[in-house]
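I opened the model today to look up helix faces, charge pairs and pockets. My notes follow in the order I took them.

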Amino acid sequence: MKYAVIALCSLFLICSCKSDKKPAGNLHLTGNIKGLKTGTIYIQKIVDTALVSIDTIVINGDSHFESWLNVASPEMYYLSLDRGVTNSIDNNLPFFAEPGVINIDTDLEQYYYKAKITGSKNQKLYEDYKKITSRFTDQKLTITAEKLRAQRSNNITKFDSLEKAEKGVLQRKYLFATNFAINNKDHEIAPYIALSEIYDINLKYLDTIRKSMTPKVAKSFYGKKLISYYDKRKNSEK
């Protein structure tokens, strides 16, 4: 009897130790996809040029999910939903992953557009950036439609005028992106925007962003990539 009690106590201690053990990872990702009963969620990131899954979550009845991830440096991740239909933009939700706690709440019907992401400073800055640049996108779409009408009616004068207007929108977008990156030089969103939004801008502007980065950001994943990209472009343009 004595040995049985000792064995039970030992088992209890082992279970207690296991339950007290913290999950591995410096990012605790939580979320809810309202309306999702069954499906598979893939947490992915870009490696070289391909999306690679770093965690898989199976949903069966409960639409809430969580994952613990190791994020070496703030980086754009993707919460991809396999709903059993053709893949589309509405199945891939980008979010700026960084150490800490990040929560993603969204809806099955409007997975991409109804997403609310909290807990990431870089994500908040990215959303602020996209709100402004969406205006440039709308302006460009309007000009493109007008250019098509001018082309169909063979109105060369109007078409040329719209061409100039289109270049003006692009210049304003690039200038805004450059200033945004410089103003947020202490966050990893700065080199990310330089690499993803204005990679083909005049080299002197990339140089300005590169030099403005704080030491911490310069050593980050996107900071190192920006420095490397700048050096390659500089050498190729000599």
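Which residues are exposed on the other side of H7? I found Lys224, Lys232 and Ser236 there.

**Ground rules.** I am working from a predicted model, where local features need pLDDT of at least 70, side-chain atom pairs count only at pLDDT 80 or more, and totals for chains, interfaces and linings use all residues. Residues are numbered from 1 along each chain as its sequence is written, and side-chain values use heavy atoms, with hydrogens and water left out.

**Entry 1, helix H7.** I took helices (H or I, at least four residues) and strands (E, at least two) as DSSP runs, numbered from the N terminus. I read buried as under 20% relative accessible area, exposed as over 50%, and partly exposed as in between (1.4 Å probe, protein chains only). H7 has 16 residues and spans 23 Å from its first C-alpha to its last. That is close to the 22 Å expected at 1.5 Å a residue, where the expected span is 1.5 Å times one less than the number of residues. Buried in H7 are Tyr222, Gly223, Leu226, Tyr230 and Arg233. Down the axis of H7 these buried residues fall within an arc of 105°, so they line one face of the helix. The arc is that of the directions from the helix axis to the C-beta atoms.

Side chains of opposite charge can pair when their charged atoms come close. My rule was a side-chain nitrogen of Lys or Arg within 4 Å of a carboxyl oxygen of Asp or Glu. The count by this rule is ten salt bridges.

Arg233 is buried at 13% relative accessible area, and Glu237 is partly exposed at 47%. I also noted one network, in which salt bridges that share partners join Lys140, Lys147, Glu163 and Glu166.

Within it, Glu166 and Lys140 meet at 3.6 Å, N to O. Glu166 sits in helix H3 (residues 156-183) and Lys140 in helix H2 (residues 121-152), 26 residues apart. Glu166 is buried at 17%; Lys140 is partly exposed at 43%.

Glu75 and Lys45 form another salt bridge, at 4.0 Å, N to O. Glu75 is in strand E5 (residues 75-82) and Lys45 in strand E2 (residues 38-47), so this pair ties together parts 30 residues apart in sequence. Glu75 is buried at 7%, while Lys45 is partly exposed at 22%.

On a 1 Å grid over the protein atoms alone, I took a pocket as an open set of points where a 1.4 Å probe fits, with protein on both sides within 12 Å along at least five of seven lines; lining residues have an atom within 4 Å of a point.

What is the volume of the largest pocket? It is about 600 Å³. Of its 20 lining residues, Pro94, Tyr112, Tyr126, Glu127 and Lys130 are the closest to its centre. H2 gives the largest share of the lining, eight residues.

The second largest pocket has a volume of about 470 Å³. Of its 15 lining residues, Ile46, Asp48, Phe221, Tyr222 and Lys225 are the closest to the centre. Here H7 gives the largest share, six residues. E2, E5 and helix H4 (189-196) are also among the elements that give two or more residues.

How values were computed. Grid points are joined across faces, edges and corners, and a volume is the space filled by probe spheres set on the points.
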